[in-house]
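I opened my notebook to look a few things up in this structure. Here is what I checked, in the order I checked it.

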Amino acid sequence: MTVQPTNSEVSLGMPQLPAPDFPADVRARLEADAREIISRYPGARSALLPLLHLVQAEEGYVSRTGMAFCAELLDLTTAEVTAVATFYTMYRRKPGGDYQVGVCTNTLCAVMGGDAIFDELKEHLGVGNDETTEDGKVTLEHIECNAACDFAPVVMVNWEFFDNQTPQSAKQLVDDLRAGRPVEPTRGAPLCTYKDTERILAGFPDERPGAVGATGGAGPASLIGLRLAKGEAPQRVVRPRDGGHTPDAHPQDAPPQPGSQHLSSHDAPQRTSDSDPDHPAGPTAEEGE
């Protein structure tokens, strides 16, 4: 008697074949870099995170080949490497674009306009979350807090900050990236491609002239509490939304001139997300009242 399989039964199919190795020349180059990284740590397995960035710098994502390479050099199982590569969101699991454009949609950025930016970029680029434009230039994704709430809403390109964005400025940003026009982050080093960024994250120096010196530090909005503690800032920390000027403000706290850089997310109020249309942005009273 022959038993016919039912539609509810699942065919497991053939097991997945082992990942192919890198080409010999690529393997030799990566292994030399990997040995240098491993030598920086007292225990080899501690080098896993930078090694994953290293293989991502080669392929633009962490492939099965890359994970097998890391496992072999660190004497780990591929399951252990896979567990780490799938846990951290900075590691891609599929090919992406030259520029990873991340829109923060966490609470404050969302309220200040992050949701609107993300929605308009999806429509403008014709892609969804974690998808890449047809020209291979831009991968769009929504990301969690970038620890830059005082500059909300924030967009990051290859992990460099673009502060106080609007839907219009974000669309111009991605258009410039796709056209190859120069783009400067609000804070941080000049942009480089995703693969070049990954090599830097793997622990190798940024050899571009002036790039290290351009990284800078915290912006004015992040340092206002320190200035207040030192008695260098006015009692009113946030300037009025209408651009007004408080009598006790220091010269450096004067309202920005047209076209100048915003110092705080409070200077660039945006409409709230469409999920709460009955409560548009804007305080019902002055801060501190």
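This is a predicted model: local features need pLDDT of at least 70, side-chain atom pairs count only at pLDDT 80 or more; totals for chains, interfaces and linings use all residues.

**How H5 meets H6**

H5 passes H6 in a right-handed crossing. I noted where they sit: H5 covers residues 107–125 and H6 covers residues 167–179. Their axes are 9 Å apart, and the angle between them is about 40°. Because of that angle, H5 counts as oblique to H6.

Next I listed who touches whom. From H5, the contact uses Ala116, Ile117, Glu120, Leu121, His124 and Leu125. From H6, Pro167, Ala170, Lys171, Val174, Asp175 and Arg178 take part. Sorted by class, the contact of H5 with H6 has 7 nonpolar residues, 1 polar and 4 charged.

**H1 and H2**

Then I looked up another pair. Helix H1 spans residues 24–38, helix H2 spans residues 48–59, and they pack with their axes 10 Å apart. I wrote down an angle of about 155° for them. That is over 145 degrees, so H1 and H2 are roughly antiparallel to each other. Their crossing is right-handed.

On the H1 side, I found Val26, Arg29, Leu30, Asp33, Ala34, Ile37 and Ile38 in the contact. H2 brings Pro50, Leu51, Leu54 and Glu58 to it. By class, the contact of H1 with H2 holds 8 nonpolar residues, 3 charged and no polar ones.

**Cysteines**

How many disulfides does the whole structure have? My search turned up 0.

Is cysteine 70 buried or exposed? Its relative accessibility is 0%, so cysteine 70 counts as buried. Cysteine 149 comes out at 34%, so I put it down as partly exposed.

**The whole chain**

I counted 8 helices and 5 strands. Along the sequence they follow the pattern α-α-α-α-β-α-β-β-β-β-α-α-α. Of the 289 residues, 39% are buried. I also checked contacts between residues at least 6 apart in sequence: 62% of these join residues at least 24 apart.

How values were computed
Residues are numbered from 1 along each chain as its sequence is written. Side-chain values use heavy atoms; hydrogens and water are left out. A disulfide is a pair of cysteine sulfur atoms within 2.5 Å. Buried means under 20% relative accessible area, exposed over 50%, partly exposed in between (1.4 Å probe, protein chains only). Axes are lines fitted to C-alpha atoms, for helices over the stretch in contact, and angles run from 0 to 180 degrees between N-to-C directions. Helices (H or I, at least four residues) and strands (E, at least two) are DSSP runs, numbered from the N terminus. Angles under 35 degrees count as roughly parallel, over 145 as roughly antiparallel, 65 to 115 as roughly perpendicular and the rest as oblique. A crossing is left-handed if the near helix is turned anticlockwise from the far one by less than a right angle, and right-handed if clockwise. Contact means heavy atoms within 4.5 Å. Ala, Val, Leu, Ile, Met, Phe, Trp, Tyr, Cys and Pro count as nonpolar, Asp, Glu, Lys and Arg as charged, and the others, Gly among them, as polar.
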